[in-house]
Amino acid sequence: MTLHDVLSPSFLNQFRIVDWGYTENPKPLSFDRFENWVENDGHGPLGYLADERKEKRKDVRNFFPEFQSSLVFLFSYAKEKSFLDSFYKDDPEANGLKLASYSLGFEGMDYHHVLRDSLQKISLEIKKIYPNCIFSHSLDIQPVLERDLAARAGLGWFGKNSMFISRQEGSFVMLGSLFLSTKLPLNEGRIETDHCGTCTRCIDLCPTKAIDPETRTLQSEKCISTYTIELFKEDKVSPLGMEKANGEIFGCDICQDVCPWNKKPLQVNEMEGSFIAETLKENDLLNFFLKRPKSQIKNELESMSNREFRRVFKGTAVERTGRKSLLKNINFWGDSIS
Ligand code: B12
Ligand code: SF4
Ligand code: SF4
């Protein structure tokens with residue numbers, strides 16, 4: 001295969017990659033925004049963003065000294081998102097609880113595992129063409145400002161909800177990047193302009209008012225995603241306004257649901273109607289959390305040991321959040337949901 005073949009839609013589609021971009025710039029355009037955010041306690045309880053890893057984000061070479069270039073990929077989960085939307089709206093079995101749609105994407109498995117394998121397969125193909133090239137990757141947990149990197153690669157812009165948005169694919173995409181120790185014969189991405197215009201839907205409709213319109217960043221402490229995914233202890237205080245949300249028990253999609261840039265990509269996927277929960281893990285998540293009365297889910301989580309929870313949900317996104325935290329999130333909804 002040539003580099004052109006590796007980066008062709010026919011090769012990349014198997015990994016759910018819907019677009020890619022290229023940059024040779026290791027330095028974020030918006031590190032100062034990130035720094036101000038941390039100084040103003042935007043990270044809240046997410047301490048890992050403010051410790052020594054904060055400075056590392058200034059330059060990808062602090063993480064991967066051999067950096068010469070990066071390929072940034074958009075991995076779509078719009079198909080699962082449009083399936084879940086129809087399920088919540090039309091399926092009589094739906095119990096009113098909600099999971100972040102990315103948890104069902106990627107065969108119900110934790111996207112970190114799936115995307116890492118995909119990036120590795122792509123790097124193996126590129127290595128056949130550039131045998132001396134060294135590779136590394138970034139996938140969420142590495143000290144890299146990934147949205148900024150995607151912007152440098154020309155793939156989209158930062159929405160007011162702080163999501164990275166592609167004109168064609170919307171924001172229901174995860175970002176995954178390869179770092180290379182060689183430059184590739186590719187054009188660097190051009191910085192995309194802002195397409196939010198005068199729209200303020202995400203800001204107005206965020207139930208906890210977590211979005212700061214001036215900086216386009218979130219107060220993590222106010223975000224339902226932080227509370228339901230990242231705060232594990234039962235005694236954690238829920239963000240004010242969460243009761244106005246829609247039954248979220250793991251993550252939150254609301255500021256993306258209301259974004260006009262997601263309308264078209266979701267419609268396309270709805271029309272194709274090609275998603276059916278097929279894998280065991282997809283069905284485990286659907287059957288366990290979204291199709292039974294809340295009291296039954298609660299009883300089962302209460303009577304399960306932590307070890308059993310880990311066995312059932314091994315490799316899924318909810319494994320890390322854990323049994324107790326999910327119970328905390330389900331209890332939040334009290335009797336307001338069946
Ligand atoms: C910490 C974190 C969180 C925190 C804080 C989120 C936040 N918005 O800061 C919490 C737990 C709340 C969270 C929630 C979610 N997350 Co998260 N998270 C991260 C993580 C690890 C770091 C983000 C970070 O550094 N935040 C600090 C802020 C200041 O930086 P930033 O978000 O990158 O924002 C930059 C832009 O806004 C830019 N900017 C804004 N305006 C302008 C204007 C100009 C001109 C310029 C130059 C720059 C600029 O400046 C900022 C600094 O670079 C990234 C992975 C990574 N390593 O980057 C994933 C990541 C952002 N998360 C992701 C996802 C999917 C989610 C959720 C959708 C999950 C869910 N369904 O619950 C929600 C979405 C909430 C939201 N609206 O952002 C994806 C987002 C993909 C995308 N399309 O954007 C990422 C990139 C992971 C990945 N590999 O795909 N997350
Ligand atoms: S993810 Fe939910 S709580 Fe967080 S900013 Fe978006 S709408 Fe608000
Ligand atoms: S809802 Fe409107 S303001 Fe918010 S990200 Fe989408 S287009 Fe931008």
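Start at ligand 1: of the 38 residues around it, A100, E146, F164, S225 and G251 come nearest. A residue counts as near a molecule or strand if its C-beta atom, placed from the backbone, lies within 6 Å of it. Now colour the shell by element. Two or more residues each come from helix 3 (31-39), helix 7 (146-152), strand 7 (173-180), strand 9 (217-218) and helix 9 (224-230). Helices (H or I, at least four residues) and strands (E, at least two) are DSSP runs, numbered from the N terminus.

This is a predicted model: local features need pLDDT of at least 70, side-chain atom pairs count only at pLDDT 80 or more, and totals for chains, interfaces and linings use all residues. Residues are numbered from 1 along each chain as its sequence is written, while chains are lettered from A and ligands numbered from 1 in the order in which they are written.

Ala, Val, Leu, Ile, Met, Phe, Trp, Tyr, Cys and Pro count as nonpolar, Asp, Glu, Lys and Arg as charged, and the others, Gly among them, as polar.

**The two domains**

Select 3-76 + 110-180 as domain 1 and 201-332 as domain 2. These bounds come from an automatic or database domain assignment. Both domains give residues to the shell around ligand 1, so ligand 1 lies between them. The domain centres, taken over C-alpha atoms, are 24 Å apart. Across the boundary, 20 residues of domain 1 are in contact with 24 residues of domain 2. Contact requires C-beta atoms, placed from the backbone, within 7 Å. The domain 1 side of this boundary has seven nonpolar, nine polar and four charged residues.

Move to ligand 2. Around it are N161, C206, T208, A210, I211, L218, C223, I224, S225, C252, I254 and C255. Helix 9 and helix 10 (254-257) are the elements that give two or more residues to this shell. Its classes are nine nonpolar, three polar and no charged.

Next, ligand 3. Show G159, K160, N161, C196, C199, T200, R201, C202, V258, C259, P260 and W261 around it. Seven are nonpolar, three polar and two charged. Domain 1 and domain 2 each supply at least three residues to this shell.

**Strand 2**

Select residues 69-76. Eight of the eight residues of strand 2 are buried, so the strand is largely enclosed by the rest of the structure. Buried means 20 or more other C-beta atoms within 10 Å of the residue's own, exposed 12 or fewer, and partly exposed in between, with C-beta atoms placed from the backbone. S69, L71, F73 and F75 point one way, and S70, V72, L74 and S76 the other.

Show the neighbours. Strand 1 (residues 17-23) pairs antiparallel with strand 2 over six bridges. Pairing needs at least two DSSP bridges between the strands. Look for T23 opposite S70. Strand 7 also runs antiparallel to strand 2, joined by eight bridges. There, F73 has G176 as its bridge partner.

**Helix 12**

Finish at residues 280-290. Which residues of helix 12 are buried? They are K281, E282, L285, L286, F289 and L290. These cover an arc of only 135° around the axis, which puts them on the same side of helix 12. The arc is that of the directions from the helix axis to the C-beta atoms. Back on the buried side, the cover includes strand 3 (98-99), strand 10 (248-250) and helix 13 (294-303).

How values were computed: Two residues are in contact if their C-beta atoms, placed from the backbone, lie within 7 Å.
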